[in-house]
Amino acid sequence: MSKYKDLFKSGFKLKISTIGVVLEGFLTGMNFLVLLNILNLIFDRSIDFDDILHSVYILALIFVGRLILYAVSYTGSQIGGADVSRKVRVGIGDKLRRIPLGLFTKNRTGFYINAATSEVADFEQILTHKMADIIKFSVLIFVMGLYTSFIYLPVGITVFLILLMLIPALAFSIRQVNIFGVKKNQAREENVSAITEYLTGSQSLRSYGLVGKKNTALTESMRRYSDISFHYEGAILPIGFVYVFLSYVGVAVSIIMLSKGLGSGAVNKAEVIILVMILLYVTKVGMSLYISLVAYRNLLISKDKIGKIFSEEEDIESTGKPEDTFKPDNYEIEFKNVGFEYIQNEPVLKSVSFVIPENKLTAIVGDSGSGKSTIFNLICKYYKASSGNVLIGGTDIAKYSTEEIFKYISLVDQEVFLFNDTVMSNIKYARPDATTEEIIEACKLANAHDFIMKMEQGYYTTLGENGNNLSGGERQRLSIARAIIRQSPIVLLDEATSSLDIENELLVKRAISNLLKVKRTVVMIAHTMPIVEKADKILVLSGGKIVEAGDHNELLKLGGKYTRMVQSDEYEFRNGGKISG
């Protein structure tokens with residue numbers, strides 16, 4: 001966190017702009033001096049055209065001065081505030097790059113998106129508006145209190161009371177901000193997560209008719225955000241109302257005292273008029289100050305939220321130094337007494353030990369939730385093992401950055417992510433120095449070349465957001481093309497043929513076969529028996545433990561968990577279908 005603290009500091013331009021805003025407030029108060037002089041001349045009946053002209057010149061100079069200060073200072077504060085928020089946003093981007101990938105789970109999506117967008121925008125409001133206004137209004141009321149005390153002490157006391165009444169008003173308001181502001185912020189995070197999930201799964205939701213009000217998860221999230229916002233306003237408004245009411249009571253009492261002072265000769269008519277004007281002005285400014293202070297405290301919650309991102313643990317950073325560079329002697333993968341839990345005291349893997357041989361195909365099978373994908377997450381170092389060691393080529397990967405580990409791994413996930421870019425660019429992300437010829441050859445091996453060439457612009461067709469113009473099988477084949485072009489010595493296939501129709505599954509299986517022609521350490525999670533039974537080694541997971549290990553024939557001879565899985569309806573159907581090889 002310490003290296004990010006400077007991101008929140010105001011720059012020189014912002015500080016100078018804040019001083020300019022305060023000076024603009026002083027000039028605002030100067031208007032009352034000129035008006036008092038004019039009123040005195042009027043009531044003394046000694047005013048002439050030159051006096052009027054002189055006063056007009058002074059008011060014009062004050063107006064021009066205010067205009068210049070306002071234009072320069074507020075523009076400067078906007079630029080200075082935007083510069084700080086730019087540094088904060090860049091800092092968040094840098095921090096997100098360093099946060100372990102395992103933290104980017106669905107329930108935290110709203111937290112990260114909200115912090116990088118809405119929270120930074122709210123924090124910018126502190127810098128560009130609230131901070132300068134708070135200083136300006138506070139100084140202005142204080143100076144007005146001194147000025148009015150010099151003219152007529154009872155009115156000066158009223159002005160200072162209006163300022164002092166802010167203390168209890170803010171004390172009660174900040175208590176409500178601490179309660180409801182935090183809840184509102186949390187509700188906004190949940191709402192962002194719900195909206196993100198809704199937009200991401202809109203196609204599936206539409207197919208089930210769960211759109212609009214029928215989507216209870218989204219509507220409930222919006223309702224919670226709306227309700228907490230309503231309660232928040234309901235808790236703050238009465239306090240502000242009482243403050244304003246008492247301020248105007250003070251004005252009324254002061255007017256009574258002014259009338260008595262006028263009768264006793266303590267003040268003249270001109271001073272009465274100008275003091276009433278100042279009282280009304282101070283009451284208005286006091287309300288603005290109250291609103292700005294409450295908003296400032298509320299916006300500080302945003303700063304705290306941003307600070308939480310900067311306080312999160314960081315992955316080991318790749319320095320590029322030889323001692324920090326991951327260079328395994330071979331690509332054998334070994335788990336030594338590895339334990340892991342996503343939620344404390346709810347282990348997913350329990351002291352698991354196994355070896356995945358180099359340049360062989362290893363299949364991992366098991367019931368849903370048995371820990372298959374968790375093993376992949378640990379190999380990729382998305383998560384750190386709670387206990388034990390994960391080794392590649394005899395080297396513990398915990399000592400190196402995720403970036404270093406991923407130099408040797410290609411992942412073909414069941415959820416393929418594609419950029420809103422051309423086919424060529426999407427493949428090239430896997431290896432930026434790949435030539436066009438290499439990309440085309442990789443797509444041919446991935447059984448993707450034919451459908452790509454049927455597109456309007458071939459390899460230069462834009463795929464749309466997350467490749468929404470493609471079928472599931474087409475997306476998977478592009479993912480396999482990425483794995484082929486990357487030429488990584490380790491390939492992880494996470495149920496690459498799941499949820500596909502028979503024709504697409506056949507094409508993907510052939511693409512996988514082409515991928516396996518080159519000697520690589522391949523680890524596969526699969527339910528398709530024709531692929532699993534050809535594996536050199538099969539690991540059978542159950543209850544977070546490896547219960548069986550061996551090849552297809554060895555496991556069948558055991559007559560245990562694997563045999564029962566082969567005989568189950570799911571595996572039997574996939575084996576008996578048209579996709580026999």
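This is a predicted model: local features need pLDDT of at least 70, side-chain atom pairs count only at pLDDT 80 or more; totals for chains, interfaces and linings use all residues.
View 1. Residues are numbered from 1 along each chain as its sequence is written, and side-chain values use heavy atoms, with hydrogens and water left out.

**View 2. Phe32 and Tyr281 make a tilted ring pair.** Rings of Phe, Tyr and Trp (its six-membered ring) pair if their centres lie within 6.5 Å; planes under 30 degrees apart are stacked, over 60 edge-to-face, and the rest tilted. That rule gives 14 aromatic pairs. For Phe32 and Tyr281 the centres are 5.4 Å apart and the planes at 55°, so this one is tilted. Phe32 belongs to helix α1 (residues 12-44) and Tyr281 to helix α8 (residues 269-311), 249 residues apart; helices (H or I, at least four residues) and strands (E, at least two) are DSSP runs, numbered from the N terminus. Phe32 is buried at 8% relative accessibility, while Tyr281, at 23%, is partly exposed (buried is under 20% relative accessible area, exposed over 50%, partly exposed in between, with a 1.4 Å probe and protein chains only).

**View 3. Phe326 and Tyr400 form another tilted pair.** Their centres are 5.2 Å apart, with 55° between the planes. Phe326 sits in the loop between α8 and β1 (333-340), and Tyr400 in the loop between β5 (395-396) and α10 (402-406), so the pair ties together parts 74 residues apart in sequence. Phe326 is buried at 1%, and Tyr400 is buried at 15%. Ring pairs also join Phe326, Tyr331, Tyr400 and Tyr408 into a cluster.

**View 4. The largest nonpolar core holds 46 residues.** Such a core is a set of buried Ala, Val, Leu, Ile, Met, Phe, Trp, Tyr and Cys residues joined through side-chain atoms within 4.5 Å. Leu478, Ile480 and Ile538 have the most contacts inside it, and helix α14 (residues 472-486) gives the most, with six residues. A second, separate core of 42 residues includes Phe32, Ile141, Ile151 and Leu289.
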